[in-house]
Amino acid sequence: MEQQVKTVRLAVNGGIGFGAKLNAKQLLALAKYIKEDSEIELTTFQQLYIDVLEDKVDDVKAEFEKVGLAIYPVGLYVKSLRTCGFCKGAEEEGMPVAIELNNRIAGREVPWPLRPAYTGCPNACGEPLINDIGVIKKRDHFDLYIGGKATGENARTAIKFREGLTPDELFETVEKLLDFYKENGKKREALWKFINRVGIDEINVTVGA
């Protein structure tokens, strides 16, 4: 009987930057691990799903990281930060803050896959108002939205949870929110359902000002 080869699914993207982009080196690295008859899935949150042999995972990760590809777990985790095109430039629209936020939260375990989004101005091109967590930069501060839902008959815009946050306040608030959600959310309970069940007032008290 032929032994079945085990594979592991990885979520990959070109890192947090000016929208969802890949360069030639990154595409060539990915192509080495895509069979001629296989498909590669592009998700709505700017990630590619790729299946690699279980015993090759460490080698693949090392090779991907060399060309600047970011690797994330697939499943019940916080997804990598969805971003806009940053049309006015990295510093002006807060790229360093977006990168740091992604470093802090992407890959965290949660009851249900959670999609965060960031945009560098009130035009909100990164769609923060229809994602689980949304951040909008306004001048030198940040507004935080939670509980958005993009699809279904019960689709809804997110609730403005905090406004005028400094970068450190933003990081701390989001991390506290995720901790509370992980500890108290039910299995397979999306963030918007968790907010409906627990109540925004209770979340406000727990997360703090």
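Trainee: Which residues of the largest nonpolar core touch the most other members?

Mentor: In this predicted model, the largest nonpolar core has 30 residues, and Leu114, Ile133, Leu144, Leu170, Val174, Leu178 and Ile203 touch the most other members.

Trainee: What makes a set of residues a nonpolar core?

Mentor: The members must be buried residues of nonpolar kinds such as Leu, Ile and Val, joined through side-chain atoms within 4.5 Å. In soluble globular proteins, nonpolar side chains tend to be buried together.

Trainee: Which elements give two or more residues to this core?

Mentor: They are helices H3 (95-105), H4 (167-184), H5 (191-198) and H6 (200-207), along with strands E7 (133-138), E8 (141-146) and E9 (159-165). H4 gives the most, with 7 residues.

Trainee: What is Leu144 in contact with, leaving aside neighbours within four places in sequence?

Mentor: Its contacts are Ile133, Gly134, Val135, Ile159, Lys160, Phe161, Arg162, Leu165, Leu170, Thr173 and Val174. A second, separate core has 12 residues, among them Leu10, Leu30, Phe64 and Leu69.

Trainee: How many aromatic pairs are found in the whole structure?

Mentor: The search finds 4.

Trainee: Why is the pair of Tyr118 and Phe142 called tilted?

Mentor: The ring centres are 6.3 Å apart, and a pair needs centres within 6.5 Å. The planes stand at 45°. Stacked requires under 30 degrees and edge-to-face over 60, so this pair is tilted.

Trainee: Why is this pair said to tie parts of the chain together?

Mentor: Tyr118 lies in strand E6 (residues 116-119) and Phe142 in strand E8, so the pair ties together parts 24 residues apart in sequence.

Trainee: How do you know whether Tyr118 and Phe142 are buried or exposed?

Mentor: Buried means under 20% relative accessible area. Tyr118 has 0%, so Tyr118 counts as buried. Phe142 has 2%, so Phe142 is buried.

Trainee: What makes Phe180 and Phe194 an edge-to-face pair?

Mentor: Their planes are at 65°, and the cut-off is over 60. The centres lie 5.5 Å apart. Phe180 is in helix H4 and Phe194 in helix H5, 14 residues apart.

Trainee: Where is Asn131 found, and why is Asn131 called buried?

Mentor: Asn131 is in the loop between E6 and E7. Its relative accessible area is 10%; the cut-off for buried is under 20%, so Asn131 is buried. Not counting residues up to four places away in sequence, Asn131 touches Arg82, Arg115, Ala117, Gly126, Gly147, Gly148 and Ala158.

Notes:
Residues are numbered from 1 along each chain as its sequence is written. This is a predicted model: local features need pLDDT of at least 70, side-chain atom pairs count only at pLDDT 80 or more; totals for chains, interfaces and linings use all residues. Side-chain values use heavy atoms; hydrogens and water are left out. Buried means under 20% relative accessible area, exposed over 50%, partly exposed in between (1.4 Å probe, protein chains only). Helices (H or I, at least four residues) and strands (E, at least two) are DSSP runs, numbered from the N terminus. Contact means heavy atoms within 4.5 Å. Rings of Phe, Tyr and Trp (its six-membered ring) pair if their centres lie within 6.5 Å; planes under 30 degrees apart count as stacked, over 60 as edge-to-face and the rest as tilted.
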